[in-house]
Amino acid sequence: MSTHLATPNTGKVTFGGVLRSESIRFFSLNSTRVLILVAVVLNMGIAVLGVWGVGSFASEAPPMAGVPDMTSPEFTAELLGSGLAFSQLILGVLGVLLMSGEFTTGSAVSTFLASPQRLRVLGAKALLISILSALVQLTSSVLTYLVCLPLAKNYNMKLDFFASHFQNVLWYGALAVVMAALIGLALGAILRNSAGGITSLVALFFVLPIVTGLLTMLADWVQNVVQFLPDQLGMSLALPQSYPSDLELWQQLVGVAGWTLIPLILGAWLLKARDI
C-alpha cells in the first residue's frame, strides 16, 4: 500500500497581493478612519469660518484703497483652500504611521517574511497612501465647495467650480497633500519611529517655515530659499494669491518632485540595507 503525500500549494507573492494586504490592514485601524474624518471636517470647518468671517467683514466695511476685493472669485476660491496646511499635516501623519507602524508594533518581521522583496512592500505602501491622500483631499475640496457655496452667495462672494482659481485649489491642493503624505512615508522608513517621524514632519512643514520667515527679516537672500521649502511649493501652486512665488510652474513642479522622490529613495535604500 503506497502512501501519497500531498504537496502544499504555494502562492506567488505579487505586487497586487501586497497592495491588497496593505489596504485591508491599513483601513482596519481605527486611527486611519479617525484621521481621514478629521482631515475632511477640519478642511471644511476652516473654509466655512473663513468665508463667513471675510463675508461678514466685506459686507459691513466700506471699500478701501489698496485692499484687494475680498468678494472676487480668486479671493473666495483661496478661502476654500485655507485648511490645506492641516490636510498636509494629517495625511502626512498617516504616511508616517503606515510605515513606522511596521517597526513600532514589530509586524515588520511577518510583513517581510511574507514578502521578502522589501521595495515591493514600500512601493505598495507608497501607491496606497498616494491614492488615499489624493482622494481624501479631492473629496474634501468638493464637499467644502458645496458647503461654502450658499454661504458665499449670501455675502455676494463669487465662487465658480470650473474657474481656474478653484481648479488650482482642487488639483494642486491634492498634489500638495500627496507630497506631504509621501514625505511622511519616507520619514517612517528612515526613522522607523512614529514619534520621531511625526515630529520631523511637523518641523519640516510648520517649524522650519516660521524660522526661515523670521530670518528673512535679517537677510533678504533667505527668501530665495523659502520658496523652495515643501510647504511653500505646495501652497504656491494651490493658493498663488496667498503664497506668491517667483518660480515658474515647471520649477515648482520639479521642486515638488524632488521633495517627494529624494526622501523616498533614501528610505528605500535604508529599508533594503538595514536589518529588520
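1. The largest pocket is lined by 14 residues, and those that lie nearest its centre are Phe-205, Pro-209, Asp-231, Gln-232 and Tyr-243. Two or more residues of this lining come from each of α4 (84-104), α8 (194-215), α9 (222-226) and α10 (230-238), with α8 giving the largest share, 6 residues. The helices named here (H or I, at least four residues), like any strands (E, at least two), are DSSP runs numbered from the N terminus.

2. Before going further, please note that this is a predicted model, in which local features need pLDDT of at least 70 and side-chain atom pairs count only at pLDDT 80 or more, while totals for chains, interfaces and linings use all residues. Residues are numbered from 1 along each chain as its sequence is written, and side-chain values use heavy atoms, with hydrogens and water left out.

3. On a 1 Å grid over the protein atoms alone, a pocket is an open set of points with protein on both sides within 12 Å along at least five of seven lines, a cavity is a set where a 1.4 Å probe fits but cannot get out, and lining residues have an atom within 4 Å of a point. Grid points are joined across faces, edges and corners, and a volume is the space filled by probe spheres set on the points.

4. By these rules the largest pocket holds about 280 Å³ of space, and its lining has 8 nonpolar, 5 polar and 1 charged residues. In this sorting, Ala, Val, Leu, Ile, Met, Phe, Trp, Tyr, Cys and Pro count as nonpolar, Asp, Glu, Lys and Arg as charged, and the others, Gly among them, as polar.

5. The second largest pocket holds about 240 Å³. Of the 14 residues that line this pocket, Leu-29, Leu-97, Leu-98, Gly-101 and Glu-102 are the closest to its centre. At least two residues each come from α1 (15-27), α2 (30-60) and α4, and α4 supplies the largest share, 5 residues. The lining of the second largest pocket has 4 nonpolar, 6 polar and 4 charged residues.

6. Asn-156, which is not a glycine, has a positive phi of about 60° and is found in the loop between α6 (118-154) and α7 (164-191). Arg-192, in the loop between α7 and α8, also has a positive phi, near 60°. Is each of these residues buried or exposed? Asn-156 counts as exposed at 62% relative accessibility, whereas Arg-192 is buried at 17%, where buried means under 20% relative accessible area, exposed over 50%, and partly exposed in between (1.4 Å probe, protein chains only).

7. The largest nonpolar core has 69 residues, and those with the most contacts inside it are Leu-91, Leu-94, Met-99, Ile-129 and Leu-185. The largest share of this core, 16 residues, comes from α7. Such a core is a set of buried Ala, Val, Leu, Ile, Met, Phe, Trp, Tyr and Cys residues joined through side-chain atoms within 4.5 Å.

8. As for the protein overall, there are 11 helices and 0 strands, and buried residues make up 46% of its 276 residues. Along its principal axes, the C-alpha trace spans about 100 × 45 × 30 Å.
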